[in-house]
Amino acid sequence: PCPDDGTCFCAPGTWDHDASPATACQTCEPGSWCAGGLNEQSACGETTFDHDLDPATPCRPCDDGHSCD
């Protein structure tokens with residue numbers, strides 16, 4: 001989904017891996033967050049986790065006193 005100006009705006013859960021309007025947005029991996037738009041895939045950090053295995057939703061903070069391992 002790219003407008004005429006050549007910039008692509010991907011849906012949440014996907015990202016524009018090559019910045020080319022000629023190719024489709026790629027699905028992000030579980031354990032990451034892809035906000036959509038022009039944002040890149042971001043892995044959940046040491047203090048966050050992918051609570052629903054859905055890269056379209058933001059990573060959540062770990063519970064107090066618990067690690068996310």
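This report walks through the fold, the disulfides and a few individual residues of a predicted model.

**Overall layout**

Let us begin with the chain as a whole. The secondary structure comes to zero helices and six strands, so the pattern read along the sequence is simply β-β-β-β-β-β. The protein chain has 69 residues, and 22% of them count as buried. As for the contacts with a separation of 6 or more, 22% of them come from residues 24 or more positions apart.

**The disulfides**

How many disulfides does the model contain? The count comes to three disulfides, and the table below sets them side by side.

| Disulfide | S to S distance | Torsion about the S-S bond |
|---|---|---|
| C10 and C25 | 2.0 Å | about -85 degrees |
| C28 and C34 | 1.7 Å | about -105 degrees |
| C44 and C59 | 1.9 Å | -80 degrees |

Take the pair of C10 and C25, whose sulfur atoms are 2.0 Å apart. The torsion about this S-S bond is about -85 degrees, and therefore the disulfide is left-handed. C10 sits in the segment before β1 while C25 belongs to the loop between β1 and β2 (26-27), so the pair ties together parts that are 15 residues apart in sequence.

The disulfide of C28 and C34 has its sulfur atoms 1.7 Å apart. Here the torsion is about -105 degrees, so this link is left-handed. Are its two cysteines buried or exposed? Both C28 and C34 are buried.

A disulfide also joins C44 to C59, with an S to S distance of 1.9 Å. With -80 degrees about the S-S bond, this link is left-handed. The pair connects distant parts of the chain: C44 is in the loop between β4 (42-43) and β5 (48-49), and C59 is in the loop between β5 and β6 (60-61), 15 residues apart. C44 has a relative accessible area of 17%, so this cysteine is buried.

**T14 in strand β1**

Now for a closer look at T14, which has its place in strand β1 (residues 14-15). Why does T14 count as buried? Its relative accessible area is 17%, and buried means under 20%, so T14 falls within that class. The side chain of T14 reaches the backbone oxygen of A11 at 2.6 Å. Leaving out residues up to four places away in sequence, T14 touches C25, Q26, T27, C28, C34 and G36. Among these neighbours, C25 is the disulfide partner of C10, and C28 and C34 form a disulfide with each other.

**S32 in strand β3**

Where is S32 placed? S32 lies in strand β3 (residues 32-33). With a relative accessible area of 4%, S32 is buried. A polar atom of the S32 side chain lies 2.4 Å from the backbone oxygen of E29. The side chains of S32 and Q41 are joined by a polar contact of 3.4 Å. Residues that S32 touches, not counting those up to four places away in sequence, are Q41, S42, A43, C44, D50, D54, P55 and C59. That list includes C44 and C59, the two cysteines joined in a disulfide.

**Two residues with positive phi**

Phi of A19 is near 55 degrees, a positive value in a residue other than glycine. A19 is found in the loop between β1 and β2, and its relative accessible area of 60% is over the 50% limit, so A19 is exposed.

For L53, phi is near 55 degrees, again a positive value in a residue other than glycine. L53 belongs to the loop between β5 and β6, the loop that also holds C59. At 60% relative accessibility, L53 counts as exposed.

Technical notes: Residues numbered from 1 in each chain as written. Predicted model: local features only at pLDDT ≥ 70, side-chain atom pairs only at ≥ 80, totals over all residues. Heavy atoms only, no water. Helix = DSSP H or I, 4+ residues; strand = E, 2+ residues; numbered from the N terminus. Buried < 20%, exposed > 50% of the residue type's maximum accessible area, 1.4 Å probe, protein only. Polar contact = N/O pair within 3.5 Å; in protein donor to acceptor, adjacent residues only side chain to side chain. Contact = heavy atoms within 4.5 Å. Disulfide = S-S within 2.5 Å.
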